Amino acid sequence: MSISINPRAQSIQISGIRQFFNQMANYPEAINLTVGQPDFPTPEEVKQAGIRAIEENRTNYSHNAGIIELRDAIANFFKDSYGLTYEAATDIIVTNGASEGLDSVFRTILEEGDEVILPAPTYAGYAPIFELCGAKTVYLDMSDTEFRPDPERLEALITDRTKAILLNFPSNPTGVTLSAEQVGALAEVLERHEIFIVTDEIYSENTFNGQHATFAKHASLKDRTILVHGVSKSHSMTGWRIGFVLGPEAVMQHVLKVHQYNTVCASVPGQYGALEALTNQRHIPGEMNGEYVKRRDYVYGRLVTMGIDVVKPEGAFYMFPSIEKFGMSSFDFASRLLKEGGVAAVPGSAFTAYGEGFLRISYAYSMPVLEQGLDRLEAFLSKIS
Ligand SMILES: Cc1ncc(COP(=O)(O)O)c(C=O)c1O
């Protein structure tokens, strides 16, 4: 074909997770520990709110930024949970999942040649967005700092081309969280440099060790902090596609245009489901966390007993043990574990080169599944050691 494709689209790759999923189809008997969504159903009341919206014909386009009732509920949620003030009318946009929110934000702020600092190992969905905008990803290595960004390393990476930093805590793939002190130390660096701080806080409600610390709390940064959130993980609503972006009006008025031309508005029945989630179902993430902590403790305990080096996660539902000592690439390790051990887990290299030497295990599975998966992992390790 002689018609040319945009070279930026040509150069981005199918995600490593997808490539691994394609292999998994050949091993239907494997215990699957790869999934990045809660294993709980969407709460019944949320389902009913979505059904009611459809039955009452609330199925037209909404305001581009989302129904005002939901934006009010989002503002109230952030006020009550984090003491943050956002104006529903000007500072909040409801998006098709956090994914579209991230895409609309970066397409609003990035210019050709800009640099974005991305602490890694990291979720695979970010760098392709930057690259499609003609921006460069500058990785901040966290592989030897227990998966937390080192403030000095951060400062050393900031140049006059740096436009933004993207921070995702609790983190996919490591489950690591930041304390208020750790956020404070990074904020001190960021105060000295006029760049955007984009925070993907999709796992904030799944924090186990006390309250989630958010960069938006730092008053000196708030006029350039853009917070991306949503109900996908907190209320097990990944398929409903509802996320939200909160930020200063001066930025959000431009994000709204990009969002509008991208998608018009988020799914309207989905918005009514999210409204129920954020008003009457705020207790749901806490209930899920009770289960996640039991599973986290179990998986962590088993890995430690097997002699595996692993940082104990305090949020999300992932663990990122080191498999370096087995002397294989993480892709080869995960492939052999799948074929010979009957367990599917995502190779760390799916989370950038900084994830090489690690394996991502999701514990968003029932205890019997986790028990069987870890028994099989143990048997596989004794075979290859
Ligand atoms: C860190 C992170 N951000 C964003 C997303 C996507 O969220 P959503 O389903 O709301 O688009 C995911 C999904 O796995 C994720 O892990």
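Predicted model: local features only at pLDDT ≥ 70, side-chain atom pairs only at ≥ 80, totals over all residues.

Visitor: How much space lies in the second largest pocket?

Guide: About 400 Å³. It is lined by 23 residues, and the closest to its centre are Gln 13, Ser 15, Gly 16, Ala 124 and Ala 350.

Visitor: Which helix gives the most to that lining?

Guide: α6 does, with three residues. Helix α6 covers 127-132, and both α2 and α6 supply at least two residues.

Visitor: And what about domains? How many residues does the lining of the second largest pocket draw from each?

Guide: At least three from each of domain 1 (7-42 + 284-384) and domain 2 (56-279).

Visitor: OK, now the largest pocket. What is its volume?

Guide: About 620 Å³. Of its 27 lining residues, the closest to the centre are Gly 36, Tyr 123, Asn 172, Tyr 203 and Lys 233.

Visitor: How do the lining residues of the largest pocket divide?

Guide: Eleven are nonpolar, eleven are polar and five are charged.

Visitor: Which helix gives the most there?

Guide: α5, with four residues. Helix α5 spans 97-109, and α2 (16-24) also supplies at least two.

Visitor: Where does the largest pocket lie?

Guide: Between domain 1 and domain 2, because both give residues to its lining.

Visitor: New topic. What order do the strands of the open sheet take?

Guide: The order is β2-β8-β7-β6-β5-β3-β4. That makes seven strands, with mixed pairing.

Visitor: Which strands stand at the edges?

Guide: β2 (92-95) and β4 (136-141). Each has a single partner strand, so one side of each is left without a neighbour in the sheet.

Visitor: By how much are neighbouring strands turned against each other?

Guide: By 20° on average, direction ignored.

Visitor: What holds strands of a sheet together, in general?

Guide: They pair through backbone hydrogen bonds, either parallel or antiparallel.

Visitor: Show me one pair. How many bridges join β7 to β8?

Guide: Four, and the two strands run antiparallel. β7 is residues 225-230, and β8 is residues 243-246. Look for Leu 227: it stands opposite Leu 246 in β8.

Visitor: Last one. Which strands does helix α4 lie across?

Guide: β2, β7 and β8. Helix α4 is residues 68-82, and it runs at about 115° to β2.

How values were computed:
Residues numbered from 1 in each chain as written. Heavy atoms only, no water. 1 Å grid on protein atoms, 1.4 Å probe; cavity = no way out; pocket = protein on both sides within 12 Å on 5 of 7 lines; lining within 4 Å. Points joined across faces, edges and corners; volume = space filled by probe spheres on them. Nonpolar A, V, L, I, M, F, W, Y, C, P; charged D, E, K, R; others polar. Domains from an automatic or database assignment. Pairing = 2+ DSSP bridges. Axes fitted to C-alpha atoms, helices over the stretch in contact; angles between N-to-C directions. Contact = heavy atoms within 4.5 Å.
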